[in-house]
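Today I'm opening a new page in my notebook. I'll jot down what I look up, one topic at a time.

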Amino acid sequence: MRGSKALTVVIKLGTSSIVDEKTHEPLLPILTLIVDTAVKLRKDGHRVVIVSSGAIGVGLRRMDVEKRPKHLAQLQALAAIGQCRLIRLWDSLFDHLRQPVAQILLTRNDIADRTRYFNAQNTFNALLEQGVIPIVNENDTLAVSEIKFGDNDTLSAITAAMIHADMLFLMTDVDCLYDKNPRSNPDAQPIEVVEDISALQADVSSAGSALGTGGMSTKIIAARLGTSAGVTTIITRSSNPGNVLSIVRYLQSQQSPSSLPADENAEVPLSRSTSSLKLSTPSSSEDVSVPLHTRFLPSNEPIRDRHFWLLHTPNPHGTLYIDTGAYKALLGKAGLLPVGVVDVEGNFAQQEVVRLVIVQRRSTPGPDGKMWEGRPEEVGRALVNYAAAEIARIMGHQSVDIQSILGYADSEYVAHRQHVGFFRRESRPVTPTREINRAIME
């Protein structure tokens, strides 16, 4: 496979893939196979990142605690204890194969802060260029929301997008997605390829383990996130880590010179299908040669780094209410001018991320004193050039008036167009119980 294109592959492992649910002992046979798979991928010329849960599970074993505690402080203490032993275990296993690894612990604040986001991106790239396998985990000792909600699936998707990965593997306790629960429905059919997640009708009833906090629904969310950034996202069984290597090699074989189009310069995606959902077809000889898995195809228009960061800032600092004229101008690639701002909410500073909300402008103030009416609709995010108090003074005015109003004019725009991103929503109807809110930055 050395002649094939070098790929960047992210492998996400949940706690149940690393630690026995009852004894809390590390699952050394599986961990050893994961290490072997990662090293083989490296020998094939690929760059590899592992997103590893399990700090709390390992901490439970170290402290001889039988059940996962409910109190946050106890969880954070176990995470601090377990993370040391977890990274030592990974380092020891990889050291047998002379493969260097590095530990990267992230929090939501690292994603929210623009400088820290790009610093993390640069660190990943430097490590990968040196042939190191970064091992990533949420900083459970500090990240309250991760321990409470369990979103290392999301963390893996954000990591994959940050480093422009080609593939993201979400390892789980089933081979793939099914249209029905295979445990209670013998006729359940596997879903092999998903081209349009909004059309997905799959069983997502699988919950997380007693040690972990994720489940199948969080993997669907992660798949939405990864594919929107151009990452092929794959769900496969964690108990057979060799599946990862087989699937990577299989997909690369589909891009062999014999399968390429006549135009050598034409780009070929990792995978494409003619339908939104492709169910298993056992009669195909190719299906036998590759392990069962579900593959989510990447967006044809992946979002850029700046817009990806804007979209996934966990907590915007405020809200700008804009009129329809400003919205249309932004869609036409113009910047956001103060004349198009109708109202300001929050106490934010310059160069902070805020929500963009469309409203109907009123000609005169309403009973509530507002210059707008109707139902607000959040349409995107923006990185602003002025603080909330400054925008409140200049909103509704022309840009030429900024100097006389504020005494200075840092920019004619409240936000530059390259610092504005919009959500793109599905136009087709979907089943409400199956739909998970989707937002893709344009």
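I started with the buried residues of α3, which are Ala-55, Ile-56, Gly-57, Val-58, Gly-59 and Leu-60. Buried here means under 20% relative accessible area, exposed means over 50%, and partly exposed is in between (1.4 Å probe, protein chains only). Six of the eight residues of α3 are buried, so the helix is largely enclosed by the rest of the structure. Helices (H or I, at least four residues) and strands (E, at least two) are DSSP runs, numbered from the N terminus.

Before going further, I noted that this is a predicted model, where local features need pLDDT of at least 70 and side-chain atom pairs count only at pLDDT 80 or more, while totals for chains, interfaces and linings use all residues. Residues are numbered from 1 along each chain as its sequence is written, and side-chain values use heavy atoms, with hydrogens and water left out.

Val-58 has a relative accessible area of 8%, so I wrote it down as buried. What does Val-58 touch, leaving aside its neighbours within four places in sequence? I found Val-19, Gly-82, Arg-85 and Leu-86, with contact meaning heavy atoms within 4.5 Å. I also checked Val-58 against Ala-79: they are 21 residues apart in sequence, and their C-alpha atoms are 8.1 Å apart in space. After α3 comes Asp-64, with a positive phi near 55°.

Then I went to the loop between β2 (47-52) and α3 (55-62), where Ser-53 sits. Is Ser-53 buried or exposed? Its relative accessible area is 9%, so Ser-53 is buried. Its side chain makes a polar contact with the side chain of Asn-152, at 2.7 Å. A polar contact is a pair of N or O atoms within 3.5 Å; within protein, one must be able to donate a hydrogen and the other to accept it, and residues adjacent in sequence count only if both atoms are side-chain atoms. Not counting residues up to four places away in sequence, Ser-53 touches Asn-152 and others, including Lys-12, Thr-15 and Asn-137.

Asn-152 took me to α8 (residues 152-162), where eleven of the eleven residues are buried, so I noted this helix as largely enclosed by the rest of the structure. Among its buried residues are Asn-152, Asp-153 and Met-162. Just after α8, His-164 has a positive phi of about 60°.

My next stop was helix packing. Helix α2 (residues 28-43) and helix α4 (residues 72-95) pack at an angle of about 55°, with axes 10 Å apart. That makes α2 oblique to α4. Angles under 35 degrees count as roughly parallel, over 145 as roughly antiparallel, 65 to 115 as roughly perpendicular and the rest as oblique. Axes are lines fitted to C-alpha atoms, for helices over the stretch in contact, and angles run from 0 to 180 degrees between N-to-C directions. The α2 side of this contact includes Leu-28 and Val-39, and the α4 side includes Trp-90 and Phe-94.

I looked at α2 with α10 (residues 242-253) too: their axes come within 8 Å and cross at roughly 25°. These two helices are therefore roughly parallel to each other. Thr-37, Lys-40 and Leu-41 of α2 meet Gly-242, Val-244, Leu-245 and Val-248 of α10.

Last, I looked up cysteines. Cys-84 is exposed, at 52% relative accessible area, whereas Cys-176 is buried, at 2%. How many disulfides did I count? The count is zero, taking a disulfide as a pair of cysteine sulfur atoms within 2.5 Å.
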